[in-house]
Amino acid sequence: MEDAVQKLKKAIIEGDVPSILEATMQISLQKNASDIHIEPRRNLVQIRIRVDGILQILVEYPLNLHPGVVSRVKIMSNLKIDESRIPQDGRITTFVVETEVDLRVSTLPTPNGEKVVMRVLDKSKKIPGIKELGILGRNYERFMKSITAPNGILLTTGPTGSGKTTTMYSALHFLNSPEKNIMTFEDPIENQMEGLNQSQMRPDIGYTFATGLRTALRQDPDIIMVGEIRDRETIDIAIEASLIGHLVLSTIHTNSAVETITRILNMKVPDFLLTASVNLIIAQRLARKLCSRCRKPQAPSHDAQKKIQEAFQVFSPYEGFDMAILNDPVFYEPNFDPCPQCDGQGYKGRLGIYEVLFMSENIKKAILAGSPSFEIQQLAQKEGMVTLEQDGLIKAIQGETSLEEVYKLVKNN
């Protein structure tokens with residue numbers, strides 16, 4: 001790591017633009033960064049990288065180097081070098097210290113020059129198995145039942161950067177076999193998987209998710225993955241596909257599993273079609289994992305203890321979960337002292353927090369009866385749904401993350 005940092009500083013002093021970018025990419029890979037931000041300010045340019053969901057300053061360099069850096073990025077990603085008035089999107093495939101990397105590039109004009117953001121996709125990283133995602137107990141059983149069903153819709157929901165696409169890829173990796181025709185419609189294609197027929201959306205020429213889905217129905221598919229459901233047309237075709245015998249996986253933007261039902265109904269989808277097609281809704285977040293080497297015990301405050309007790313008032317324990325652990329829970333918090341494992345950050349890596357809503361007969365009846373969201377939520381919990389807050393707290397009790405991290409992610413629910 002130190003070698004790459006010194007290389008970056010040396011490249012800035014020497015004005016060596018290719019080496020600036022190479023060293024930045026190398027450090028980003030070493031730190032498992034998801035994004036690189038190159039941002040021109042009034043008097044300098046700042047490079048920040050997003051590690052475990054948090055942006056941190058990597059280095060700063062003089063403004064006079066910035067046009068060369070932007071031009072270099074544009075050349076590598078086949079963008080127009082002489083166009084700086086409008087945003088541009090491109091892609092770079094390169095090798096960084098013998099590791100093949102995909103970089104999804106976006107440029108944006110600002111008063112101080114063009115900002116560049118690069119999403120880092122390390123092609124050497126394996127798609128996690130379903131068990132590695134952290135879907136526990138009953139949630140896991142319901143997830144597996146839904147993705148192995150012959151037809152229906154499985155939706156994942158959550159904010160940008162909550163790991164929805166990774167969940168979809170894990171499911172596709174499990175389902176992928178020579179006997180199945182799996183088609184995906186993505187914007188962009190983040191991971192190219194052998195055995196899948198993946199298609200990149202091009203809204204600028206009219207090739208949208210709805211268009212792709214309509215085409216898929218003429219391509220003899222078994223399983224279809226749609227990057228995102230954004231409008232009535234896309235959900236209508238997804239429902240049609242599921243009702244005629246296809247399994248459809250997709251993502252949608254809402255805060256919780258139950259809110260997804262409201263969102264679909266607000267798209268003017270008839271309730272009987274929703275209940276006939278949707279099998280499962282997963283709401284998820286990504287929490288930072290506590291460093292296992294330097295974490296320290298934390299005594300929760302009185303208010304926190306009260307909040308935890310309230311969170312588990314309606315809770316159905318699943319196989320392997322000991323309710324006694326809730327009587328005297330032990331929590332941990334980050335330790336920001338120097339640590340060789342986490343570089344003094346207190347956290348290292350991320351884990352998923354999940355809420356899995358299975359569309360049982362009782363849930364379907366409640367939807368058809370026009371029951372409000374809070375009643376459907378209560379019914380789902382009585383039937384064994386573990387909420388985002390509960391799943392996060394269980395993982396905090398297990399020492400995987402902190403109370404602060406859990407409530408930062410679920411405070412809006």
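The model is predicted, so local features need pLDDT of at least 70 and side-chain atom pairs pLDDT 80 or more, while totals for chains, interfaces and linings use all residues. Residues are numbered from 1 along each chain as its sequence is written, and side-chain values use heavy atoms, with hydrogens and water left out.

**Whole chain.** The C-alpha trace spans about 70 × 60 × 40 Å along its principal axes. Switch to a surface view, and 49% of the 413 residues count as buried, meaning under 20% relative accessible area with a 1.4 Å probe, protein chains only.

**Helix α5.** Next select residues 164-175, the 12 residues of helix α5. From first C-alpha to last, α5 reaches 17 Å, close to the 16 Å expected at 1.5 Å a residue; the expected span is 1.5 Å times one less than the number of residues. Show the side chains of its buried residues: K164, T167, M168, Y169, S170, A171, L172 and L175.

**S316.** Now move to S316, in the loop between α10 (302-311) and β14 (331-333). Then select R138, Q381, K382 and G384, the contacts of S316 once neighbours within four places in sequence are left aside; contact means heavy atoms within 4.5 Å.

Notes
Buried < 20%, exposed > 50% of the residue type's maximum accessible area, 1.4 Å probe, protein only. Helix = DSSP H or I, 4+ residues; strand = E, 2+ residues; numbered from the N terminus.
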